[in-house]
Every structure is written in structure tokens, then in C-alpha cells.
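Here is a friendly note to go with the model you are about to open. Please keep the view at hand while you read the points.

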Amino acid sequence: MNLRHWLENLAPRERRVVYAAAALAGVLVLYTAVALPLERMHARQSARVDRKAADLAWMRQAAPRVAAITARGGTGGHESLVVLVDRTGRESGLGSTVRDQSPSGENGLRLRLEGASFDAMVAWLASLQQQHGVSVSDATIDTATAPGLVNASITLTHGAPAAP
């Protein structure tokens with residue numbers, strides 16, 4: 001028995017109910033296949049625009065600081081990256097934890113810290129970036145023997161971070 005034959009055997013009122021149900025099912029299928037994915041895509045794009053707007057606001061707020069750092073040569077003077085890292089590391093209380101320093105490329109420095117306070121290390125790295133234009137281009141951090149202490153291998157770059 002085919003569908004056409006089945007519909008012809010229904011009473012006119014039952015046929016109208018079947019047609020209405022089919023139309024409702026068609027609208028539901030259309031909504032779930034087209035409208036719902038479009039709504040989700042719109043929500044994702046809207047969230048992305050909001051994130052980009054927040055990033056732009058932060059960049060505009062940070063631009064004067066970046067310009068000031070750039071104007072003074074990135075390190076606040078004529079201090080080499082090795083000297084800057086050594087001086088600021090000692091000032092941050094991390095001088096005794098630095099075990100090894102070696103050059104990394106043209107503007108980079110690779111160093112190893114052992115048994116360093118995590119909080120002091122993060123504050124020191126933030127200070128290097130914000131005040132001297134020194135960025136972390138690579139870091140590996142492992143727990144040390146006591147809570148709050150870490151061993152870290154860090155590559156710092158003067159100016160923009162090196163491209164991967």
C-alpha cells in the first residue's frame with residue numbers, strides 16, 4: 001500500500017490533520033537543519049567579536065607603555081639582556097636559583113632555574129616583560145622538592161618573541 005492510496009482512503013478531516021502534521025514536521029526539520037546552526041554560528045561569532053573588542057581595549061590601554069619601552073630601547077638603557085636578567089633576577093630574590101645561562105639566537109637567552117619560588121619567578125618574568133620588553137618565548141616548568149618551588153628552563157627574547 002503506497003502513501004497516496006492511504007491518503008485517499010482517509011476522511012477529509014483526517015487528511016487535513018495529516019497535512020498539518022507534515023507541514024509542522026517540515027518546519028521543525030527546516031529549523032533544526034538551517035536556523036539552529038545559524039543561531040549557534042551567530043552566537044560564536046558574537047562572542048568572538050566581544051573577545052576581540054576586549055583585546056583591542058587592552059591594547060589601546062597598553063600602547064603608551066609599549067611606546068615608552070620601545071622609545072628607551074626595550075631594556076631601559078644600554079644594558080645587555082644577560083646583565084639585565086642577572087640584575088633583575090638578584091633583585092627578585094632568584095639570583096641563587098639561576099644555574100645556567102646561554103645565548104639563544106640573536107636576541108635570546110636560555111636559562112635554567114632550580115628550586116625557585118614559583119610566585120617570585122612569575123612576578124620577575126612579568127616585571128621583565130612590562131618594564132623591559134623582555135618576553136618569554138619558551139618555558140618548561142617542573143615541580144621541585146618543596147611545595148611552591150619549581151625547576152624551570154626558560155628562553156627569554158629581547159623585543160618581540162621569536163617566531164616558532
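The points below go from the overall fold to the sheet, the core and the surface.

1. **Before you start.** This is a predicted model, in which local features need pLDDT of at least 70, side-chain atom pairs count only at pLDDT 80 or more, and totals for chains, interfaces and linings use all residues. Residues are numbered from 1 along each chain as its sequence is written, and side-chain values use heavy atoms, with hydrogens and water left out.

2. **The overall fold.** The protein has four helices and four strands, where helices (H or I, at least four residues) and strands (E, at least two) are DSSP runs numbered from the N terminus. Read from the N terminus, the order is α-α-α-β-β-α-β-β. Of the contacts with a separation of 6 or more, 55% join residues 24 or more positions apart; a contact here means heavy atoms within 4.5 Å.

3. **Burial and surface.** Of the 164 residues, 21% count as buried. Buried means under 20% relative accessible area, exposed over 50%, and partly exposed in between (1.4 Å probe, protein chains only). The accessible surface comes to about 11,400 Å², and carbon and sulfur atoms account for 60% of that surface. Accessible areas come from the Shrake-Rupley method with a 1.4 Å probe, and for residues only the protein chains shown count as cover.

4. Strand 1 (residues 98-104) pairs with strand 2 in the antiparallel sense over six bridges; strands count as paired if DSSP finds at least two bridges between them. Pro-103 stands opposite Leu-109 in strand 2. Three residues lie between the two strands of this hairpin, where Gly-105 takes a positive phi near 75°. Ser-104 belongs to strand 1 and is buried, at 18% relative accessibility. Not counting residues up to four places away in sequence, Ser-104 touches Leu-109, Arg-110 and Thr-155.

5. **The other strand pairs.** Strand 3 (residues 134-143) runs antiparallel to strand 4, with nine bridges between them. Val-136 has Leu-156 of strand 4 as its bridge partner. The hairpin of strand 3 and strand 4 has five residues between the strands, and Gly-148 takes a positive phi near 85° there. Strand 4 is also joined to strand 2 by eight bridges, again in the antiparallel sense. In that pairing, Ala-116 stands opposite Val-150.

6. **The core.** Which residues have the most contacts inside the largest nonpolar core? They are Trp-124 and Leu-156, in a core of 17 residues. Helix 3 (81-91), strand 2 (108-117), helix 4 (118-132) and strand 4 (149-158) each supply at least two of the core residues. A nonpolar core is a set of buried Ala, Val, Leu, Ile, Met, Phe, Trp, Tyr and Cys residues joined through side-chain atoms within 4.5 Å. Leaving aside neighbours within four places in sequence, Leu-156 has contacts that include Leu-81, Val-85, Leu-111, Leu-125, Leu-128 and Val-134. In soluble globular proteins, nonpolar side chains tend to be buried together.

7. **Salt bridges.** How many salt bridges does a search of the whole structure find? It finds four, a salt bridge being a side-chain nitrogen of Lys or Arg within 4 Å of a carboxyl oxygen of Asp or Glu. In one of them, Glu-91 meets Arg-87, with the closest N and O atoms 3.1 Å apart. These residues are four apart in helix 3, so about one helical turn separates them. Glu-91 is exposed at 58%, whereas Arg-87 is partly exposed at 26%.

8. **A linked set of charges.** Arg-99, Arg-112 and Glu-114 form a network of salt bridges. Glu-114 and Arg-99 have their closest N and O atoms 3.6 Å apart. Because Glu-114 lies in strand 2 and Arg-99 in strand 1, the pair ties together parts that are 15 residues apart in sequence. For Glu-114 and Arg-112, the corresponding distance is 3.8 Å. Glu-114 is partly exposed, at 34% relative accessibility, and Arg-112 is partly exposed at 25%.

9. **A nonpolar patch.** Finally, have a look at helix 2 (residues 12-71), where Val-34 is found. Leu-30, Val-34, Leu-38 and Met-41 make a nonpolar surface patch of about 370 Å². Patches are made of residues with over 30% relative accessible area and no salt bridge, with like charges joined within 9 Å and nonpolar side chains (Val, Leu, Ile, Met, Phe, Trp, Tyr) within 5 Å. Val-34 itself is partly exposed, at 41% relative accessibility.
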